[in-house]
Amino acid sequence: MQRDAPPTVRQVFALASALCERMGEEFPQTRVAASETIERLRVENGHPAPRLEDSPRSLRRRRDGKPKSEKTLAFARLARELRDEEA
């Protein structure tokens, strides 16, 4: 076990579940419910940051650490736009 490593996904879920239980919140069962709960709690807490959907997406890198090609980024933007149109 690496002491300085970030928490695992299982640890984050366990922490979130415990905090929901402590606060009397139901742990969300879907991504939509999770997003709605997160947004509601952020507003209730007076969080100053913009909503997630208002934030620009970060550019991801390939597994080898090199930036993705312009062609790949263009395809990703097109896919996002098409998804947004369907919603």
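I started at Glu-39, which is partly exposed, with a relative accessible area of 21%. I kept in mind that this is a predicted model.

**Entry: the partner of Glu-39**

I looked up what Glu-39 pairs with and found a salt bridge to Arg-42. Their closest N and O atoms are 3.3 Å apart. Both residues sit in helix α2, three residues apart, about one turn of the helix. Next I checked Arg-42: buried or exposed? Arg-42 comes out at 18% relative accessibility, so I noted it as buried. The cut-off for buried is under 20%.

**Entry: the total**

I then asked how many salt bridges the model holds. The count is three.

**Entry: Arg-40 and Glu-25**

I turned to Arg-40, which forms a salt bridge with Glu-25. The closest N and O atoms of this pair are 2.7 Å apart. I traced where the two residues sit, and the pair links distant parts of the chain. Glu-25 lies in the loop between α1 (9-23) and α2 (31-44), while Arg-40 is in helix α2, 15 residues apart. Glu-25 has 23% relative accessibility and counts as partly exposed. Arg-40, at 35%, is also partly exposed.

**Entry: Arg-40 and Glu-44**

Which other residue does Arg-40 bridge to? I found Glu-44, with the closest N and O atoms 3.1 Å apart. Arg-40 and Glu-44 are four residues apart in helix α2, so about one helical turn separates them. Glu-44 is exposed, with a relative accessible area of 54%.

**Entry: putting it together**

I logged Glu-25, Arg-40 and Glu-44 as linked in a network of salt bridges. Arg-40 bridges to Glu-25 and to Glu-44.

How values were computed:
Residues numbered from 1 in each chain as written. Predicted model: local features only at pLDDT ≥ 70, side-chain atom pairs only at ≥ 80, totals over all residues. Heavy atoms only, no water. Salt bridge = Lys/Arg side-chain N within 4 Å of Asp/Glu carboxyl O. Buried < 20%, exposed > 50% of the residue type's maximum accessible area, 1.4 Å probe, protein only.
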